[in-house]
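Notebook open, viewer running. I want to jot down what I look up as I go.

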Amino acid sequence: MNTRIAAVHARRVWDSRGRPTVEAEVTLTTGTIGRAIAPAGASRGSREAVDLRDGGSALGGMDVQRAIANVDGPIAAALRGRDALDQAGIDALLVALDGTRNKAVLGGNATVAVSLAVVHAAAAARGQPLWRHLAGDGPVALPLPEIQIFGGGAHAGRRIDIQDLMVMPVGATSFAEAMRMTADIYRAAGELMRDAGRASGVADEGGHWPAFDTNEEALATLVRAIERAGYRPGEEAALSLDIAASEFGADGRYRLGLETRELDRDGMIALLLDWLDRYPIASIEDPLAEDDRDGWIAFTRAAGARVQIIGDDYLTTDAARVRLAATEGACNAVLIKPNQAGTVTEALAALRAGQAAGFGTIVSARSGETEDVSIVHLAVGWNAGQLKVGSFARGERMAKWNEALRIEEALGGSARYLGAAALPSARRPKTLRG
Ligand code: PGA
Ligand code: ZN
């Protein structure tokens, strides 16, 4: 099989916020093509790979012509003639060519698009779907999804402080059933907003616009939506929160804009522990700010036995940071965003570091997305166990949920939906569970 790379090319396409982004296309000597599009975050960790943007006044400074030139120029020159099956070697080449810790020279948007396009080309050359190419002959499972019902934070003009209010269909028996439950809950939430005279459209990832007076009102409404849809909160559909606390916290202080109150680290932890006591929350992401290591350790000591605690901005898909967090007991799960790392191989290393530590691992989209469904294949092919894509509306989100349904169908009788077994608490001996 000839899997040599003949050409690498990038073009400007547009993401779900109408902003420019990079699409890369890798063509093998046989004519086989792999293609992928870089996503873009809005609430970004400070250690993430850089999205190279042109600045200036055109397109609000968001244009990506420099990143595209990097693909068509130095990256294409370096990759020509390389074997697309050698993902690790190609990604190492991209890392070396860039030469910075955060892809500041080539742009993480350039490198992640190329890296993903290479793995697509390799899978296509082998005549396999990407998830199967990644999994090899090993067994795979359909991930437990977390689906946003209300969007907030940076994705909703800071209308409420919490960024994502999500559900996890832990009681479903298949991915298809999980989607069906989600449809019911998303619709019920919309009806509750309409009945309260508060229906106001959707936020960046498709969740209902959070027209609430307090953060807690959003939590209570989510529980009511689950009940209204006919499911038992906690048992069948659990709550999952992304606090994205770096957006409103720094130096051990947390400013809740909606409620105009400022909390110190202990106050913030007390607020979250109170919510954990009173709401059926199974997972909580970025509960403290990325600079608040002591807060993360204290919160995980207090709550790590009963809830999944995910590092997103805190870990930025970095294997070394995952290992450090595991040693320090700073969290028990890692969000895997390929564009935070900048290459497929580095994202995989972060995921494997998480699995080695007994962490929950969640492959995640960004708030700026496209029709690209690569992350669904990564979640299945890498056996991540969990998948976070945003809400249950808008094409760039539904494309990913629908792709997972196709994979479940392709697996036929051997399809296994992980449900609650994907959470780190399920992997702990019973005696240690909170
Ligand atoms: P972002 O947020 O893609 O806007 O950075 C997503 C998240 O925080 O999980
Ligand atoms: Zn997050």
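**Entry 1: the model.** I remind myself that this is a predicted model.

**Entry 2: the zinc ion.** Which protein donors hold the zinc ion (ligand 2)? I found Asp242 (OD), Glu285 (OE) and Asp312 (OD), and they lie 2.1 to 2.2 Å from the ion. Reading along the chain, I wrote their spacing down as D-x42-E-x26-D. I then checked where two of them sit: Asp242 belongs to strand β6 (residues 238-242), while Asp312 is in the loop between β11 (308-311) and α9 (319-328). They are 70 residues apart, so this pair links distant parts of the chain.

**Entry 3: buried or exposed?** I looked up Asp242 and Asp312 next. Asp242 has 1% relative accessibility, so it counts as buried. Asp312 has 2%, and that also makes it buried. The cut-off I used for buried is under 20%.

**Entry 4: the sheet.** In what order do the strands of the open sheet run? I got β7-β8-β9, 3 strands with antiparallel pairing. The edges are β7 (249-250) and β9 (261-264), each of which pairs on one side only. Strand β8 (residues 253-256) is joined to β9 by 4 bridges, in the antiparallel sense. For one example I picked Arg253, and its bridge partner in β9 is Asp264.

**Entry 5: the helix on the sheet.** Which helix packs on this sheet? My answer is α7 (residues 265-278), which touches β8 and β9. The direction of α7 makes about 100 degrees with that of β9.

Technical notes: Residues are numbered from 1 along each chain as its sequence is written. Chains are lettered from A and ligands numbered from 1 in the order in which they are written. This is a predicted model: local features need pLDDT of at least 70, side-chain atom pairs count only at pLDDT 80 or more; totals for chains, interfaces and linings use all residues. Side-chain values use heavy atoms; hydrogens and water are left out. Two strands pair if DSSP finds at least two bridges between them. Helices (H or I, at least four residues) and strands (E, at least two) are DSSP runs, numbered from the N terminus. Contact means heavy atoms within 4.5 Å. Axes are lines fitted to C-alpha atoms, for helices over the stretch in contact, and angles run from 0 to 180 degrees between N-to-C directions. Donors are N, O and S atoms within 2.8 Å of the metal (3.2 Å for Na, K and Ca); water is not among the atoms, so sites may look incomplete. Buried means under 20% relative accessible area, exposed over 50%, partly exposed in between (1.4 Å probe, protein chains only).
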